[in-house]
Amino acid sequence: MITGAIKNKVDKIWTDIWAGGITNPLTVIEQLTYLMFIRSLDEKELETEEFENMTGEKMDKIFPQSAVGQSMRWSKFKNNDPRDIYDIIAQRVFPAIKNMRHGCLPDFTQQGELMETAGESGNDEQNNTAFARYMSDAMFLIPTPQVLQKIITGLDDLYEHDIADLDMQGDLYEYMLGKLATAGQNGQFRTPKQIREMMVELLRPTPDDMICDPACGTAGFLVSASEYIRKNYEDTMTTEQWEHFAGDAFTGFDTDRTMLRISAMNLMLHSISRPEIDYNDSVSKQNQISDKFTMCLANPPFKGTVDAESIDDNLKAVTNTKKTELLFLALFLRMLKKGGQCACIVPDGVLFGSSKAHKAIRKELVENHQLRAVISMPSGVFKPYAGVSTAVLVFTKTGAGGTENVWFYDMKADGFSLDDKRSEIGENDIPDIISRFHNLEQESGRQRTEQSFFVPKQEIADNDYDLSINKYKKVEYVPVKYPSTAEIMAELHELETEIAAGLAELEGML
């Protein structure tokens, strides 16, 4: 758990970077990610050396065994002169990471030039971490040796005194990523953790699932899914399931290579060393994946449209539109296997939009698959950077219908205030949502005036497949009895007499 003391240390590192002239939170995260990765390589090397000493068995090394290669290790350079540290990272370590092959760093000459290694001309992506795969266009932007030394000292202090295990590393990174929420337009990269965890709890992933987020951003949904699996299955998972967990159980796509690096690091800190994190415009013809995944969790882009010519034709066949929020719903249906589940966030407009494309995708979900739940969320959930009203759709791909009754829930609170501060509060509907969703047989008697209720499929069809909760929710109007006009006038005269008496008393005191 991240305590106040740890937060203060992270904030101090953040302030040092800002003072050095890097003010974009995304860039700060990116530069910290590089340094955390550099440190993690040395930690892994130390573990390998310890294993060698215990067993006598020779293992492959990450760092070259030359003097120059060993100088690139965090433990070797961290106490050097700041200018020396800066030169080593900028001229050796950073270029080496960008040219990492087969999990090993290339060697350097004494002049700082990369040495050519026989047989290493190709980039074998299968043997690289997802993070190293997207380092080719990365830039080292720490401005001065002094700023770099402060960051290294701060990170080292955190790791040595505060971070005990991988879970803590993940929490630390989660806290840093949380700072993106205050970054204005950058905030679209983040879905609040409590909402992600709620959506994961609704679907209940298992170690055998293939989980995808085709608009992964910082990979928050994939991390939340991995945490759920470890929490509920860690003691019973087989070797094959752990292998699956570390690799192809988690797939994420994004069109921003910076976000791919950040998401790969986030997953690596949660024991997922080889996720399928790829550069991919998910709704374009570039993405041909179908019937592959058992689970999709996502908060796809709400705003903007895409080039009509680049949109995959089989998505347009379901909903002929350029709106990304509609195309992604069609994409989930295509990428899921039959029986696969999806929980995704959509803007309210998707629920009641009157265009042909809006109606077509809602009809597809209701008639040809099993739409299970519509959870309406308050507009403050994504503050401070967006005030849009949203909902969570939960559905199962069947290809043969299956929707009988759709469960609606009117979420009023998520455990945090709905203003820009998003302070923690006592009111929280999330535990109730999870509990009721997994006991839907007990919901059949609920009235439309209550917070959750069922709506029959036919009623939804009769209303043009409108999925907005206000279309079906009934409001109880309790009559309010007001006093008569004569009583109100009498009260006013009484107040007037009291005021006059008070004024007279004040005048007598002068």
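**Entry 1: aromatic pairs**

I began with the aromatic rings of this predicted model and counted 11 aromatic pairs. I then examined Phe245 and Phe250, whose ring centres are 5.4 Å apart. Their planes stand at 90 degrees, so I recorded the pair as edge-to-face. Phe245 is buried, at 2% relative accessibility, and Phe250 is buried as well, at 0%.

Phe408 belongs to strand β8 (residues 405-410), while Tyr472 sits in the loop between α18 (457-462) and α19 (485-509). The pair therefore ties together parts that are 64 residues apart in sequence. I noted that Phe408 is buried at 0% relative accessibility and that Tyr472 is buried at 2%.

I also found a cluster in which ring pairs link Tyr34, Tyr86, Phe94 and Phe140.

**Entry 2: cysteines**

I searched the whole structure for disulfides and found zero. A disulfide would require the two sulfur atoms to lie within 2.5 Å. Cys212 is buried, with a relative accessible area of 0%.

Cys342 counts as buried at 0% relative accessibility.

**Entry 3: a buried charge**

I looked up Glu45, which is found in helix α2 (residues 25-55). Glu45 is buried yet has no salt bridge. Which side chain of opposite charge is nearest to Glu45? It is Arg73, at 4.7 Å. Leaving aside residues up to four places away in sequence, I listed the contacts of Glu45 as Lys61, Ile62, Phe63, Gln65 and Arg73.

**Entry 4: strands**

I examined strand β7 (residues 390-396) and found seven of its seven residues buried. Both faces of β7 are covered. On one side I recorded Thr390, Val392, Val394 and Thr396, and on the other Ala391, Leu393 and Phe395.

Which strands pair with β7? Strand β5 (residues 336-347) pairs with β7 in the antiparallel sense over seven bridges. Strand β6 (residues 370-377) also pairs with β7 in the antiparallel sense, over seven bridges. Val392 of β7 illustrates both pairings: Ile345 has Val392 as its bridge partner, and Ile375 stands opposite Val392.

I then followed β5 to strand β4 (residues 293-298). β4 and β5 pair in the parallel sense over five bridges, and the bridge partner of Phe293 in β5 is Leu336. Strand β1 (residues 211-213) runs parallel to β4 and is joined to β4 by two bridges. There, Ile211 has Met295 of β4 as its bridge partner. Six of the six residues of β4 are buried, so I noted that strand as largely enclosed by the rest of the structure.

**Entry 5: salt bridges**

Side chains of opposite charge can pair when their charged atoms come close. I counted 23 salt bridges and looked at several of them individually.

Arg83 forms a salt bridge with Asp81, with the closest N and O atoms 3.3 Å apart. Arg83 is exposed at 57% relative accessibility, whereas Asp81 is partly exposed at 39%.

Arg274 and Glu243 meet in a salt bridge of 2.8 Å, N to O. This pair links distant parts of the chain, 31 residues apart: Arg274 lies in the loop between α12 (257-268) and β3 (276-279), and Glu243 lies in helix α11 (residues 239-246). Arg274 is partly exposed, at 35% relative accessibility.

Lys457 forms a salt bridge with Glu367, the closest N and O atoms being 3.0 Å apart. Where do these two residues lie? Lys457 is in helix α18 and Glu367 in helix α16 (residues 356-368), so the pair ties together parts 90 residues apart in sequence. Both side chains' residues are partly exposed: Lys457 at 25% and Glu367 at 24%.

Finally, I recorded a network of salt bridges that links Arg39, Glu43, Lys78, Asp156 and Glu160.

Key
Residues numbered from 1 in each chain as written. Predicted model: local features only at pLDDT ≥ 70, side-chain atom pairs only at ≥ 80, totals over all residues. Heavy atoms only, no water. Phe/Tyr/Trp six-rings, centres within 6.5 Å; stacked < 30°, edge-to-face > 60°. Buried < 20%, exposed > 50% of the residue type's maximum accessible area, 1.4 Å probe, protein only. Helix = DSSP H or I, 4+ residues; strand = E, 2+ residues; numbered from the N terminus. Lys, Arg positive; Asp, Glu negative; His and termini not counted. Salt bridge = Lys/Arg side-chain N within 4 Å of Asp/Glu carboxyl O. Contact = heavy atoms within 4.5 Å. Pairing = 2+ DSSP bridges.
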